[in-house]
Amino acid sequence: MERTSIDIEALIPHRESMRLITGVIGVDEEKAVTSATTRETWPLFEGGSVDVLVTVELVAQTAALLEGWKRLQSDRGGVTGWLVGIKNAEFRRMRIPVNEALVTEVRRSYALEGYAVFTGTVGIGPELVVTMQIQAFRPDEAP
């Protein structure tokens, strides 16, 4: 896995408070691993914690980073907008306290033209908070 300083905003379209991932632990052809820390400014924040559903966005942003990195390696530029849906998910808690360090790992399961399925996990230290598969559709690459 390539460990490097990566400009996240060059690879995903999210900016300011909607860009949840703050660091890239590693990325290669197979997977991407990112870091994030829950904040009061995050979507779904209430009463000192965020709803676990925000992890869907962490997996989606990490998938976009993986695909953006692959595209940059082949001189096609970073990824632009995706439409994302949850294929399946297992949430192991309801809420995540603010200031928790999260690690998200994503692998692309398969892809066909502008459609892909990614498998992802989000953890806090050794605790697995969620496992999921998301479906992503990139309208600008559809046939």
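Reader: Which residues have the most contacts inside the largest nonpolar core?

Author: In soluble globular proteins, nonpolar side chains tend to be buried together. Here the largest nonpolar core has 31 residues, and those with the most contacts inside it are Val27, Trp42, Leu58, Ile96, Leu102, Phe118 and Ile134. A nonpolar core is a set of buried Ala, Val, Leu, Ile, Met, Phe, Trp, Tyr and Cys residues joined through side-chain atoms within 4.5 Å. Buried means under 20% relative accessible area, exposed over 50%, and partly exposed in between (1.4 Å probe, protein chains only).

Reader: Which elements supply at least two residues of this core?

Author: They are strand 1 (23–27), strand 2 (31–37), helix 1, strand 7 (101–112), strand 8 (115–124) and strand 9. Helix 1 gives the largest share, 9 residues. Helices (H or I, at least four residues) and strands (E, at least two) are DSSP runs, numbered from the N terminus.

Reader: Before we go on, what kind of model is this?

Author: This is a predicted model, where local features need pLDDT of at least 70 and side-chain atom pairs count only at pLDDT 80 or more, while totals for chains, interfaces and linings use all residues. Residues are numbered from 1 along each chain as its sequence is written, and side-chain values use heavy atoms, with hydrogens and water left out.

Reader: Good to know. What pattern does the protein follow along the sequence?

Author: Reading along the sequence gives β-β-β-β-α-β-β-β-β-β, that is, 1 helix and 9 strands. Of the 143 residues, 43% are buried.

Reader: In what order do the strands of the open sheet stand?

Author: The general idea comes first: strands of a sheet pair through backbone hydrogen bonds, either parallel or antiparallel. In this protein, 6 strands form an open sheet in the order 1-2-7-8-9-5, with antiparallel pairing. Two strands pair if DSSP finds at least two bridges between them. At the edges stand strand 1 and strand 5 (83–91), each with a single partner strand, so one side of each has no neighbour in the sheet. From one strand to the next, the twist averages 20°.

Reader: Over how many bridges do strand 1 and strand 2 pair?

Author: Strand 1 and strand 2 pair over 4 bridges in the antiparallel sense. You can find Gly26 opposite Val33 in strand 2. Helix 1 packs on this sheet, touching strand 1, strand 2, strand 5, strand 7, strand 8 and strand 9, and its direction makes about 60° with that of strand 7. Such axes are lines fitted to C-alpha atoms, for helices over the stretch in contact, and angles run from 0 to 180 degrees between N-to-C directions.

Reader: Is Val129 buried or exposed?

Author: Val129, in strand 9, is buried, with a relative accessible area of 0%. Leaving out neighbours within four places in sequence, Val129 is in contact (heavy atoms within 4.5 Å) with residues including Val52, Phe91, Ile96 and Ile124. Glu127 also lies in strand 9 (residues 127–137), but Glu127 is partly exposed, at 32%. Not counting residues up to four places away in sequence, Glu127 touches Arg93 and Val122.

Reader: And what does the side chain of Gln61 reach?

Author: Gln61 lies in helix 1 (residues 54–73) and is buried, with a relative accessible area of 0%. Its side chain reaches the backbone nitrogen of Leu20 at 3.0 Å.

Technical notes
A polar contact is a pair of N or O atoms within 3.5 Å; within protein, one must be able to donate a hydrogen and the other to accept it, and residues adjacent in sequence count only if both atoms are side-chain atoms.
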